[in-house]
Amino acid sequence: MDFEFSSEQEMLRNESRKFLEKTCPLEKIREIMEDKKGFAPEMWKQVSELGWPALIIPEQYGGIGMTMVDLVVVMEEMGRALFPSPFLFNLMATFALLEAGSDEQKQKYLPAIASGECVATFAFAEPGDLVDIHGVNAEARPDGDSFILNGTKMFVGYAHAASLIIVPFRTSKKGKPEDGITLFLIDPQDPGVKTTLLKGIDLTRKNCEVTFTNVKVGKERILGGKDQGGPVFKKILNKGTIALCAEMIGGAEGVFAKTVEYAKIREQFGRPIGSFQGIKHPCAETYVEIELAKGLTYYAAWAFEQDLPDVDLSVSYAKAAISDAFTRAGMDSILIHGGVGYTWECDVHLFLRRAKWSEYTLGDATYHRERIAQLMGM
Amino acid sequence: MDLKDSPAEAAFRQEVRDWIKENLPQEWQEKGFRKMLATDPFGAVGFFVEWNKRLLQKGWLGFGWPKEVGGGGASPVMQAILNEEMTRHNAPPLGVSLMGLGWVGPSIVLYGNEEQKKHFLPGIFNGTDQWCQGFSEPGAGSDLASLKCRAVRQGDHYLVNGQKIWTSIANLANWIMLLVRTDPSAPKRNGITCLMVDMTSPGITARTIKQMNRHEEYSEVFFEDVKVPVENRLGEENKGWQVAKATLVFERSGISETIELDRGLEALKEASKKLKKNGKPLNEDPVFRQKVAQTNMELRALKLLGLRILSKQNRGKDVRNDSSVTKLGRLNVGYKLDCLGMDLLGTYSQLLRGSDSVIDQGKWTNRFLAWPGYVIGGGTPHIQKNIIAERILGLSPDDRDEK
Ligand SMILES: Cc1cc2nc3c(=O)[nH]c(=O)nc-3n(C[C@H](O)[C@H](O)[C@H](O)COP(=O)(O)OP(=O)(O)OC[C@H]3O[C@@H](n4cnc5c(N)ncnc54)[C@H](O)[C@@H]3O)c2cc1C
């Protein structure tokens, strides 16, 4: 039994951290924030050279073939640095291709994703705030050998910058909710696809609304077979959630490090504010909460790697834990910074914004606790 | 990262399981120590002594201690496996001399001289010696280093005068590990000495104190001109603080405790399906479900944190401060569990064992009433938070008098 990261993984962590500290400091992030793209293409190129989009893609498709646990390491560092990029969504699209793509589809897209040339995204939400399979109501109607797509997808990360969107549509209303779902490969340039950039709380990440009005696509655009997309969709949500949890842990640690640092240098009443228990104790509590969430996230990643039966439960444990912990770390940080913490220039609000976005994305703590209750047989 | 047992670990786990099956009577495996003790105290204690013998023969007492002193030399992970399997299969505690094995023994191993090891360790292994820990005083609890119980050296012995309080199992123990002040003029941490004192020495009076739950597990202990031979000093004179803080590399992951808590949660879940509130089974209540799920999640997190600490320790890294992290986590989730147990019973949670209409023999209420003892004993949550903030995060100490 060994629950520590390997020395290779520690190296990967150090290199990722060093790279982001150098290339993507908060001043740079503030520039990117103001830009419509929401990420820096030259930086995307650099991280592609480092192999990040290729991390979990097998070598035969131009990737590196690393594991979920390796991925967690890199995601944590991206979160710590507040790295603004389509990475998470690109990753979920990659999962989908790996899971359900034909060899031809994989050959077509994966090497391009691995090299950073193709930015892909995944549409997992719809209006109405339904999480999971119940949130797939946009319809794909067969029309001869083709399909006519109609509906709206919400909060599609970086759809405005992507050249591939993987979108679940309902192709049948028979059977269980997961039975009639089909995944489609969509080019944002397809006639009838409209992408609108949303203005969101997380300034370091861009989301879009994507509408489909009588979009006609051929059946070669189906990813993984008609009506077969439900289980794939669920799996991708799980995997994406783990990746998001890891990013959130990094974010929570990132903002918490700023809190602790400030508590050491800021003096009032002739001594560092960190010496007051009103500051010290919430810091200790946040530390414990983050440590607890880490184990849950690492375990979930490992459970996926090992294909263990408790994956669903593990994912929900992790998301429920870090959703609360990250927001708390962010809000406490602002309070502990005092007046300066409330300023636009102080970076901690960027983390709090990220925390809130992350909290509600892919199921908030309440959603995941209910899922835990179901899975534990309540 | 690989959370599976290695082949050697898996083999050992199986060995422990087989051994328990062979050595622990069926009834014990089903009922566990506490129930056996409640139904047949004499029989249970008799078996416990026998159990100690078998464990000793098997080499599983002091399993993590070095081989030279009669221990098992086992790694933290192996110790954790032994503890975990024993708990899982309802075995009695790992050894009769619990404080001796868990806490005093390791200090003797670390700081004792050859004579002392020869003299004190066998009683701990055999279970013939019960130890208690005389640290806290009326004026020195969280601020332990301000303790006043005085020892003055007179030739070949120390003369001890003063008082200890909250001393668990002082009424059962024949030895006490005592912290005394030997140099009142030195800064407070530099004037403390550790003595091993025979509880039958003339001048010692111990009186049990009744706890809020009517149990009497701790005592106050008075010392009046008690003579303690100098050879019973553990470590050097005025170096007792280091001895008190010493921890050997024994397992501190707390994984066995999470197994106990898991059982509580499982019982709670099952009970919630049967008990109705407002005409509906409680397990259908969305708020109750949220709370149970949250507790379940925290419990799982605690177990995984334990595994992370264990792995760290297994690689020889320093985990001394991590026990404050696990303790805080355990306190949070344990309290939530007990409160949920009370929630479950609603107004019936007021009924105590022995009352008409009581549910589950009032076990949730008993747990609830015992809870503050766990919280306060061994350092309060406030103190644990200070430790985390100062030693792990590096925040500066508050205005506390550090002299
Ligand atoms: C069931 C039980 C068993 C015990 N067994 C033993 C035993 O076997 N041997 C032994 O020696 N002792 C034992 N103790 C004593 C225990 O270690 C002390 O009670 C504990 O350390 C607290 O000390 P105190 O009771 O003097 O409380 P105090 O130290 O007076 O604390 C009172 C309150 O003030 C808070 N406080 C104190 N200092 C600070 C600070 N710096 N910052 C913030 N808050 C602070 C505390 O957290 C607490 O809430 C036991 C206690 C219990 C309840």
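Predicted model: local features only at pLDDT ≥ 70, side-chain atom pairs only at ≥ 80, totals over all residues.
Reader: Okay, and how far is the polar side-chain atom of B:H382 from an oxygen atom of the ligand?

Author: B:H382 is also listed among those that come nearest. For comparison, B:S136 uses a backbone N or O atom, 2.7 Å from a ligand oxygen. With B:H382, a polar side-chain atom faces a ligand oxygen at 2.5 Å.

Reader: How much of the ligand's area does the protein bury?

Author: Start with the ligand taken alone, which exposes 970 Å². There are 19 residues around the ligand. The share of that exposed area buried by the protein is 69%.

Reader: Why is the site called shared, and between which chains?

Author: Look at the names that come nearest: A:Q277 is there, and so are B:S142, B:W166, B:T380 and B:H382. The ligand is surrounded by residues from both chains, so the site is shared between chains A and B.

Reader: How many salt bridges are there between chain A and chain B?

Author: The contact takes 45 residues from chain A and 51 from chain B. About 4,600 Å² is buried there, with carbon and sulfur atoms giving 62%. One of the salt bridges pairs B:E390 with A:K280, where the closest N and O atoms are 2.7 Å apart. The count between the two chains is six.

Reader: What about polar contacts across that interface: how many residue pairs?

Author: These pairs are counted across the interface of chain A and chain B, with both residues at pLDDT 80 or more. The rule finds 24.

Reader: Inside chain A, which residue does A:K234 form a salt bridge with?

Author: Chain A has domain 2 at 122-229 and domain 3 at 231-375. Between those two domains the count is three salt bridges. In the one formed by A:K234, the closest N and O atoms are 3.7 Å apart, and the cut-off is 4 Å. The partner is A:E178.

Reader: On the side of domain 2 of chain A that touches domain 3, how many residues are nonpolar?

Author: 18 residues of domain 2 are in contact with 18 of domain 3. The two domains bury about 1,800 Å² between them, 68% of it on carbon and sulfur atoms. On the domain 2 side, four residues are polar and four are charged, while the nonpolar ones number ten.

Methods
Residues numbered from 1 in each chain as written. Chains lettered and ligands numbered in written order. Heavy atoms only, no water. Domains from an automatic or database assignment. Contact = heavy atoms within 4.5 Å. Buried area = accessible area lost by both parts, 1.4 Å probe. Salt bridge = Lys/Arg side-chain N within 4 Å of Asp/Glu carboxyl O. Nonpolar A, V, L, I, M, F, W, Y, C, P; charged D, E, K, R; others polar. Near = heavy atom within 4 Å. Polar contact = N/O pair within 3.5 Å; in protein donor to acceptor, adjacent residues only side chain to side chain. Areas by Shrake-Rupley, 256 points an atom, 1.4 Å probe, with all protein chains shown as cover.
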